[in-house]
Amino acid sequence: MPDRIAHLKKAQHNENFYLSFDVEKTPYKDWVVVGVFYTALHFIDSYFALNNKHPFAHGMRDDWVRNDWRLSKIWLDYRDLKEYRQKASYKVYEFSVQEIKNDIFPLLDSIKNYLQKLVSFTT
């Protein structure tokens, strides 16, 4: 099973992916959203890995985030980010630059800032 460091490296990999797009110009804004979501997911999984917990499905992770007394504070942000990812993956929807910058990026920032208090992000 991946440990905390492996999840942090994957989160950084996903972050580098979505940051490689110029949000102002790219026609692949949906992939930016997907990259943002999976960055958050691996930051969250780095927390679970500290306790040797490894969710194998989105529903399991959802339950664990919602029911963990520490992570429940980021549940709504994570849920909203997941809904944006689902829209990006399964709907015919065009994200605006403003939506990504004003709604989606702040969700990841909130999750990441909170988790940095719980998990050392040093790899």
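**A tour around helix 2**

Helix 2 passes helix 4 in a left-handed crossing, meaning that the near helix is turned anticlockwise from the far one by less than a right angle. Helices here are DSSP runs (H or I, at least four residues), numbered from the N terminus. You are looking at a predicted model, where local features need pLDDT of at least 70, side-chain atom pairs count only at pLDDT 80 or more, and totals for chains, interfaces and linings use all residues. Residues are numbered from 1 along each chain as its sequence is written, and side-chain values use heavy atoms, leaving out hydrogens and water.

Select both helices. Their axes come within 9 Å and cross at roughly 145°; axes are lines fitted to C-alpha atoms over the stretch in contact, with angles from 0 to 180 degrees between N-to-C directions. On the helix 2 side of the contact (heavy atoms within 4.5 Å), show residues including Val 33, Phe 37 and Leu 41. Facing them from helix 4 are, among others, Tyr 78, Leu 81 and Arg 85.

Now colour helix 2 by burial. Of its 22 residues, 18 are buried, so the helix is largely enclosed by the rest of the structure; buried means under 20% relative accessible area (1.4 Å probe, protein chains only).

Next, zoom in on Ile 44. Not counting residues up to four places away in sequence, Ile 44 touches Arg 61, Val 65, Leu 71, Ile 74, Tyr 78, Ile 111 and Leu 115.

Finish just after helix 2, at Asn 52, which takes a positive phi of about 55°.

How values were computed. Helices (H or I, at least four residues) and strands (E, at least two) are DSSP runs, numbered from the N terminus. Buried means under 20% relative accessible area, exposed over 50%, partly exposed in between (1.4 Å probe, protein chains only).
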